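I opened this model to go through its cavities, strands, charged pairs, rings and backbone angles. My entries follow in the order in which I looked things up.

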Amino acid sequence: QVQVEESGGGAVQTGDSLRLSCQAKRATTPLPMGWFRQAAGQAREFVAAISWNDGVQYYRDSVKGRFTISRDDAKNTVYLQMNSLKPEDTADYYCAAAAYYGSSRSYLEREEQYDWWGQGTQVFVSS
């Protein structure tokens, strides 16, 4: 059973950077991985994802150019580098891994495609 654990959240100011980490423990092969976030009172939304095989990345429009998702398969770890943070980025950030090896954007941006989720890490960006 894969276990997903996030780390790296915190409180920062507008324009600052944070790097979130996510380890898929007990994964025996690279998995499709994604980041989602949920702000208070809002539905969870897709942030970024990375394919399991060729490292293709997908982002929601509002984070393009500011966030970068990457992976280190030797460590079963995915990172989300968040630069130029804005107050609207404030949310609980969740990492997820999928058991099925889909790689298209339409697959990776849908939370129902993911089988294992972390507990979430908080990101707060003050103005």
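Entry 1, cavity. I sorted the lining of the largest cavity by class and got 6 nonpolar, 3 polar and 2 charged residues. For the classes I took Ala, Val, Leu, Ile, Met, Phe, Trp, Tyr, Cys and Pro as nonpolar, Asp, Glu, Lys and Arg as charged, and the others, Gly among them, as polar. The lining consists of Ala24, Ala27, Thr29, Pro30, Leu31, Met33, Arg71, Asp73, Asn76, Thr77 and Val78. The space in this cavity is about 50 Å³. My search of the whole structure gave 1 cavity of 30 Å³ or more. A cavity here is a set of points on a 1 Å grid over the protein atoms alone where a 1.4 Å probe fits but cannot get out, and lining residues have an atom within 4 Å of a point. Grid points are joined across faces, edges and corners, and the volume is the space filled by probe spheres set on the points.

The model is predicted, so I kept local features only at pLDDT of at least 70 and side-chain atom pairs only at pLDDT 80 or more, while totals for chains, interfaces and linings use all residues. Residues are numbered from 1 along each chain as its sequence is written, and side-chain values use heavy atoms, with hydrogens and water left out.

The criterion is a side-chain nitrogen of Lys or Arg within 4 Å of a carboxyl oxygen of Asp or Glu. Asp73 is partly exposed, at a relative accessible area of 35%. I call a residue buried under 20% relative accessible area, exposed over 50% and partly exposed in between, with a 1.4 Å probe and protein chains only.

I took helices (H or I, at least four residues) and strands (E, at least two) as DSSP runs numbered from the N terminus. Strands pair if DSSP finds at least two bridges between them. Strand β1 (residues 3–7) runs antiparallel to strand β3 (residues 18–25), with 5 bridges joining them. Within this pairing, Glu6 has Cys22 as its bridge partner. On to strand β8 (residues 77–82): β3 is joined to β8 by 6 bridges, again antiparallel. There Ser21 stands opposite Tyr79.

How many salt bridges does a search of the whole structure find? The count is 10. One of them joins Glu5 and Lys25, with the closest N and O atoms 3.0 Å apart. Since Glu5 lies in β1 and Lys25 in β3, this pair ties together parts that are 20 residues apart in sequence. Glu5 is partly exposed at 33%, and Lys25 is partly exposed at 30%.

I then looked at Glu45 and Arg60, whose closest N and O atoms are 3.5 Å apart in a salt bridge. Glu45 is in strand β5 (residues 45–50) and Arg60 in the loop between β6 (57–59) and β7 (67–72), 15 residues apart. Relative accessibility is 22% for Glu45, which counts as partly exposed, and Arg60 is partly exposed at 23%. Both belong to a salt-bridge network of Arg37, Glu45, Arg60, Arg66 and Asp89.

Entry 6, rings. The whole structure has 6 aromatic pairs. Phe36 and Phe46 make an edge-to-face pair, 5.8 Å centre to centre with 75° between the planes. Rings of Phe, Tyr and Trp (its six-membered ring) pair if their centres lie within 6.5 Å; planes under 30 degrees apart count as stacked, over 60 as edge-to-face and the rest as tilted. Phe36 is buried at 1%, as is Phe46 at 7%. Ring pairs link Phe36, Phe46, Tyr114 and Trp117 into a cluster.

Most residues other than glycine have a negative phi. I noted Arg26, a residue other than glycine with a positive phi near 70°. Arg26 sits in the loop between β3 and β4 and is exposed, at 55%. Ser84 also has a positive phi, of about 50°. Ser84 is in the loop between β8 and β9 (91–97) and counts as partly exposed at 39%.

Terms used: 1 Å grid on protein atoms, 1.4 Å probe; cavity = no way out; pocket = protein on both sides within 12 Å on 5 of 7 lines; lining within 4 Å.
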